[in-house]
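Morning, everyone. Let me put today's protein on the screen, and then we'll walk through it.

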Amino acid sequence: VHPQLVECCRDLDRVIRRLRDVDGYTARWFRQVRIDGTLRDSEEAFIKVRHHPFSVYMNWVDGSWQVWYVEGRHDNKLVARKNRGLRPLRRIWRIHPESALAMKDSRYPITQFGLLKLAERLQTILKSQPLDKPIRAQVCSVEDAGRLLRRYVVESPPTDEQSQYARTEFDLDEETCTVVQIVNYGWTGNGEGIELLEHYRYDDI
């Protein structure tokens, strides 16, 4: 087993234990994702997350939308309010989190949102890597905006159809023991290159 991959999984275990002891947090959230083959524009929102009951509030920096979800409330639907643009026929929607409308700009439903869900999803991806494949894994220290981060990079061979991503990069904040950024790449159609699939970042936690 690749020793750096083992280190990645061990550190993620530590992150997940730490986050499960946290009641909630606020942050500034960044996202850029590829949906149906098209790379969307980047987005930013101010967010609040509570773990019990699982709750999410999002207020887009550009003032376009507010979204909130509380597990067990509103028939387990998310509530969305449009704040600007052409005045819609109705200003508030109550939508199933996994409906086509709720998912049109997202790769995951709001029920999978937040730092803890991100770390758990990342852990699942890394632990599913086939042990007999020539996976490359690297760990290094970087500084970003005054924060000391550990950066992990895991790459799978282009012939590996079992791997969900061609390349995964994530940053762990040493001080808060939290994954603050993740970037995932997939292979292009001919398998000769990679392209950005998703980029998430959490600031001012």
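I'll start with the overall build, then take the aromatic rings, then the backbone.

First, the ground rules. This is a predicted model, where local features need pLDDT of at least 70, side-chain atom pairs count only at pLDDT 80 or more, and totals for chains, interfaces and linings use all residues. Residues are numbered from 1 along each chain as its sequence is written, and side-chain values use heavy atoms, with hydrogens and water left out.

Overall build. The protein has three helices and twelve strands. Those are DSSP runs numbered from the N terminus: helices are H or I with at least four residues, strands are E with at least two. The radius of gyration is 18 Å, close to the 17 Å that the globule rule gives for 205 residues, so the protein is as compact as a globular protein of that length. That radius is taken over C-alpha atoms, and the rule is 2.2 Å times the number of residues to the power 0.38. Along the principal axes, the C-alpha atoms fill a box of roughly 55 × 40 × 35 Å.

How much of the protein is buried? Buried residues make up 46% of the 205. Buried means under 20% relative accessible area, exposed means over 50%, and partly exposed is in between, with a 1.4 Å probe and protein chains only. Now contacts, meaning heavy atoms within 4.5 Å. Among contacts between residues at least 6 apart in sequence, 45% join residues at least 24 apart.

On to the rings. Rings of Phe, Tyr and Trp (its six-membered ring) pair if their centres lie within 6.5 Å; planes under 30 degrees apart are stacked, over 60 edge-to-face, and the rest tilted. By this rule there are six aromatic pairs. Take W29 and W60: they sit edge-to-face, 6.3 Å centre to centre, with 80 degrees between the planes. W29 is in strand β1 (residues 24-35) and W60 in strand β4 (residues 54-60), so to speak distant parts of the chain, 31 residues apart. Both W29 and W60 are buried.

Next pair: W65 and W93. This one is tilted, at 5.5 Å centre to centre and 50 degrees between the planes. W65 lies in strand β5 (residues 65-70) and W93 in strand β7 (residues 92-95), so the pair ties together parts 28 residues apart in sequence. Is W65 buried or partly exposed? W65 is partly exposed, at 28% relative accessible area, while W93 is buried, at 15%.

K117 lies over the face of F54, 5.2 Å from the ring centre. R121 lies over the face of Y108, at 3.8 Å.

Last, the backbone. Most residues other than glycine have a negative phi, and most peptide bonds are trans. Where is the cis bond? It joins H52 and P53, with omega about -10 degrees. P53 is in the loop between β3 (43-51) and β4.

Now the loop between β5 and β6 (78-82), which holds D75. D75 has a positive phi, near 55 degrees, and counts as exposed at 69% relative accessibility. N76 is in the loop between β5 and β6 too. N76 also has a positive phi, about 60 degrees, without being a glycine. N76 is partly exposed, at 36%.

Conventions. Lys NZ or Arg CZ within 6 Å of the ring centre and 35° of its normal.
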